[in-house]
Amino acid sequence: MLVAGLGNIFLGDDGFGPEVIRCVPPDLGGPQVQVRDYGIGGMHLAYDLLDGWDALVLVDAIPNRGVPGALHVFEADLEDLRAATGLDAHAMDPAAVFASLNALGGTPPYTVVIGCEIDCTEEGIGLCETVAAAVPDAVRAIDDVVAGLLARVAAAEG
């Protein structure tokens, strides 16, 4: 299983994914789980997904829907995300990552997104107060999602 943080730390709240990944315990889930900060390296993530992961947990900033700092955990709609076409080496959002993976001939794994509504993405390093306050909850959400996915795998194998 791969836990991946996406985002640009130089654009305020867009750095949510990398900040959360920085706070995740290194031994999360044991050897079956890899935790990586991809930052703005969406193409790198697309290439890594070619290795055939069983599951992906994406941590990213999401558009403001009226409650900056609100955390959302949801299953990604892989059909919609793969529908985009093209190969963009500079893209970092999940849709572009999956479109790139599709263009490379890969298939995305089961994916859960842990996203936080942004407040500000102006140039600057650091999260706004409301988004920064969501980081500990996001770390707990990762732990819960990973534990649930590991339990599901164990039940399927068992």
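In the predicted model, D137 and R140 both belong to helix α6 (residues 135–157), where a spacing of 3 residues places them about one helical turn apart. These two residues form a salt bridge, with the closest N and O atoms 2.2 Å apart. D137 is partly exposed, at 38% relative accessibility, and R140 is likewise classed as partly exposed, at 48%.

The total number of salt bridges is 3. Another of them lies in helix α1, where R22 and E19 are 3 residues apart, or about one turn of the helix. The closest N and O atoms of R22 and E19 are separated by 2.6 Å. R22 counts as exposed because its relative accessibility is 60%, above the cut-off of 50%. E19 has a relative accessible area of 24% and is therefore partly exposed.

A further salt bridge joins the side chains of R36 and D48, at an N to O distance of 3.3 Å. R36 is part of strand β2 and D48 is part of helix α2, so this pair ties together parts that are 12 residues apart in sequence. Helix α2 spans residues 42–49. R36 is partly exposed, with 30% relative accessibility, whereas D48 is buried, with 14%. Leaving aside residues up to four places away in sequence, D48 touches R36, Y38 and W53.

The strands were examined next. Strand β1 (2–6) is mostly covered, with 5 of its 5 residues buried. L2, A4 and L6 point one way from this strand, while V3 and G5 point the other way, and all are buried. β1 runs parallel to strand β2 (residues 34–39), and 5 bridges join the two. Within this pairing, V3 stands opposite V35 of β2.

Strand β5 (residues 110–117) is also mostly covered, as 7 of its 8 residues are buried. Strand β3 (residues 55–62) runs parallel to β5 and is joined to it by 8 bridges; A55 has Y110 as its bridge partner in β5. Strand β4 (residues 71–75), by contrast, pairs with β5 in the antiparallel sense, over 5 bridges. In this pairing L71 is placed opposite C116 of β5.

Helix α4 is mostly covered, with 7 of its 10 residues buried. The buried residues of α4 are P94, A96, V97, F98, A99, S100 and L101. The helix covers residues 94–103 and includes S100, which is buried because its relative accessible area is 1%. Although S100 and A46 are 54 residues apart in sequence, their C-alpha atoms are 6.2 Å apart in space. Just after α4, G105 adopts a positive phi of about 90 degrees.

F10 occupies the loop between β1 (2–6) and α1 (16–23).

Confidence in the prediction was also considered. The chain has a mean pLDDT of 88, and 91% of its residues reach 70 or more. Residues 82–91 have pLDDT below 50, and this stretch has 21 contacts in the model beyond near neighbours in sequence.

Notes
Residues numbered from 1 in each chain as written. Predicted model: local features only at pLDDT ≥ 70, side-chain atom pairs only at ≥ 80, totals over all residues. Heavy atoms only, no water. pLDDT = per-residue confidence, 0-100. Contact = heavy atoms within 4.5 Å. Buried < 20%, exposed > 50% of the residue type's maximum accessible area, 1.4 Å probe, protein only. Helix = DSSP H or I, 4+ residues; strand = E, 2+ residues; numbered from the N terminus. Pairing = 2+ DSSP bridges. Salt bridge = Lys/Arg side-chain N within 4 Å of Asp/Glu carboxyl O.
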